[in-house]
Amino acid sequence: MCGIVGVVSKSKVAHKLIKGLKTLEYRGYDSAGIAILQDGDITILKDKGRIANLEAIINYDSLTGTIGIAHTRWATHGVPSKENAHPHMDQNKHFAVVHNGIIENYLELKDFLENQGFSFSSQTDTEVIPVLMEYYYQKTGNVMDAFKDTLNDLKGSYAILVITPLLPNTILVAKKNSPLVLGIGNNGIYAASDIPAIIEYTKDFYFLQDDEKAVIGDDIVFYDKDFQKTDKESKTIDWEMDAIDKNGFEDYMLKEIHEQPEALKNTLNGIVSLNNPISFVNFSLDKSYLEKLKQIYIVACGTAMHAGLVGKYAIEKICRIPVNVEVASEFRYQDPILDENTLCIFISQSGETADTIAALKLAREKKAKTVAVTNVFESSITREADYTLYTHAGPEIAVASTKAYISQVGLIVALAIYMSEVLDKNTDLCQSLKRDLMNLPDLMNEVISNNQYYQEIAKKMTKEQDLFYIGRGNDYYTALEGSLKLKEISYIHSEAYAAGELKHGPIALIENGTFVVGIVTDPITSEKTLSNLEEVKARGANIILVTNQDIKKDNVIHIPHINSIISPILAIIPLQFIAYFIAKEKGLDVDKPRNLAKSVTVE
Ligand code: M6R
């Protein structure tokens, strides 16, 4: 969603701010802006739409300021427009603010400030921050006091950067429930909502915790929740620049699909080996705890939830412990029955998804043990959970999740094997699954290498309006994920159905020429799904089949045979490619699909 960049430097910052914003484009946004302190004034430039629109109104030669803040906005309060774009400023032009998050009591604050004679020019919740700062500044005559009093009044979530001519050479920073990192680097001090925006300048980051503040000037001064000065240690993030480059690929999504074998290898490295039981860093579960475990919940959103479904299949098959998979936004309002004998696993690539984090907090209140599975180091979810397991997929930039999904599935299967080993159950199955997991990257490369064939198939489907994806068991979960990929980036409507359910209603929608994608990798259910495919074929459907069976027909995509517990890792790859090629064929922006954001930080 929204993105933030701030720079304090000895040289001009406008280019760096725009470059940082461009790195954050993947988060999804609908307007952009910058504020620069120069000659004792704040200059604000902003516009609706892409960063290119903003750049069109920037004259870099005249923007000589060495301190600035910048923002990409994903509209929540107020339509996407120039007026609602950040930075926002008070009438007296004392404080310019960029903000991620939501000020929940903004209406009450706005009302109060209007009664005090202040006026507003946007519909946003954010605008109350600079106006409130001005109100307190007029009362106290002190910027730091005004900052402190303002933060005291705010309810909700925020990552905030403030610049003011009253404290030149300074950016004021505050964080609560919305990520913010700082770094001291080449020729400047940097602040950003996400590491990629500033990784070019430093690899050592300070991760602000909730309620911490900082003042960036010649150095960084950190403050704790009581506004007392505090020390912070930096943490090194070892990402190379090509991790956030397209590296010769046309799109990030295409690059990330190709990176999947490596992402899985990195995620399982040090965890899975043939001669040792599975072990995790900073995480273990006792045999006595697992024996008492009544149930497991896996809670997540979107693709992460689909990874959770494959996790359910694995844990139930390998450990015989019942698993419920819930969409985070539903779980929260279902009054779930949890206690100390419930293990709750929360999966989130970004680690910032508001619904998933709220669900996690609820599980903790109800005394369940909580494990976060995330791809982003030090993300918010890691601070809420009892334990964190990291996927090591590397930064995922495309909105449509691919390599994170594969890594999540691999990690949860490893967790299932781990629990089974602790319980001394199914030793032979565990051993053979570990072998399979280690062989997977090579098999994935084999599947990826057939991508031209997937492109040919995709071409036949480009003009479709409605598609079906069907499968049973884990193949149904792959169908759900394949269908989501298609919807997200090609804007073609599709439905994923459990193959056996089609005849209970949706088969009425099948007509001559309707495309139905069948996934058939589980030998136990393959005959049944193949019969369901025959049923729709008899009603005129065009079948695309993804299978590891020896079936010789048109439009069949063959993938290598592997245990059905992990077959989704192979079966999803052709479906990712098909969604990608259809979107490209339609001339769409696959990395930044309309209306979507990479991390969904609103509930
Ligand atoms: O960062 P998270 O894994 O928590 O995100 C969850 C979903 O928003 C995400 O998986 C979304 O469905 C993706 N765009 C799917 O490709």
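**Stop one: the antiparallel sheet**

Start by selecting phenylalanine 205, whose bridge partner in strand 15 is lysine 235. Before going further, a word on what you're looking at: this is a predicted model, where local features need pLDDT of at least 70 and side-chain atom pairs count only at pLDDT 80 or more, while totals for chains, interfaces and linings use all residues. Residues are numbered from 1 along each chain as its sequence is written, and side-chain values use heavy atoms, with hydrogens and water left out. Helices (H or I, at least four residues) and strands (E, at least two) are DSSP runs, numbered from the N terminus.

Now widen the selection to strand 11 (residues 204-207) and strand 15: they run antiparallel, joined by two bridges. Two strands count as paired if DSSP finds at least two bridges between them. In general, strands of a sheet pair through backbone hydrogen bonds, either parallel or antiparallel.

Which order do the eight strands of this open sheet follow? Colour them and read across: 3-2-4-1-10-9-11-15, with antiparallel pairing. Strand 3 (41-48) and strand 15 (235-236) sit at the edges with a single partner strand each, so one side of each has no neighbour in the sheet.

Next, show helix 1 (residues 14-23), which packs on this sheet and touches strand 1 (3-8), strand 2 (31-38), strand 4 (67-73) and strand 10 (188-192). Contact here means heavy atoms within 4.5 Å. The direction of helix 1 makes about 155° with that of strand 2; axes are lines fitted to C-alpha atoms, for helices over the stretch in contact, and angles run from 0 to 180 degrees between N-to-C directions.

Most residues other than glycine have a negative phi, and most peptide bonds are trans. With that in mind, zoom to histidine 86 and proline 87, which are joined by a cis peptide bond with omega about 0°. Proline 87 is in the loop between strand 4 and strand 5 (88-89).

Then hop to aspartate 211, in the loop between strand 11 and strand 12 (213-216). Its phi is positive, near 75°.

**Stop three: the ligand**

Now look for polar contacts, meaning pairs of N or O atoms within 3.5 Å. A polar backbone atom of threonine 303 is 3.1 Å from a ligand oxygen atom, and one of serine 401 is 2.8 Å from an oxygen atom of the ligand. At valine 399, a backbone N or O atom lies 3.0 Å from a ligand nitrogen atom.

Taken alone, the ligand exposes 410 Å², and the protein buries 91% of that (Shrake-Rupley method, 1.4 Å probe).

Finally, colour the open sheet of five strands, ordered 22-21-23-24-25 with parallel pairing. Strand 22 (493-498) and strand 25 (556-558) are its edge strands, each pairing on one side only. To finish, pick valine 546, which stands opposite isoleucine 557 in strand 25.

Key. Polar contact = N/O pair within 3.5 Å; in protein donor to acceptor, adjacent residues only side chain to side chain.
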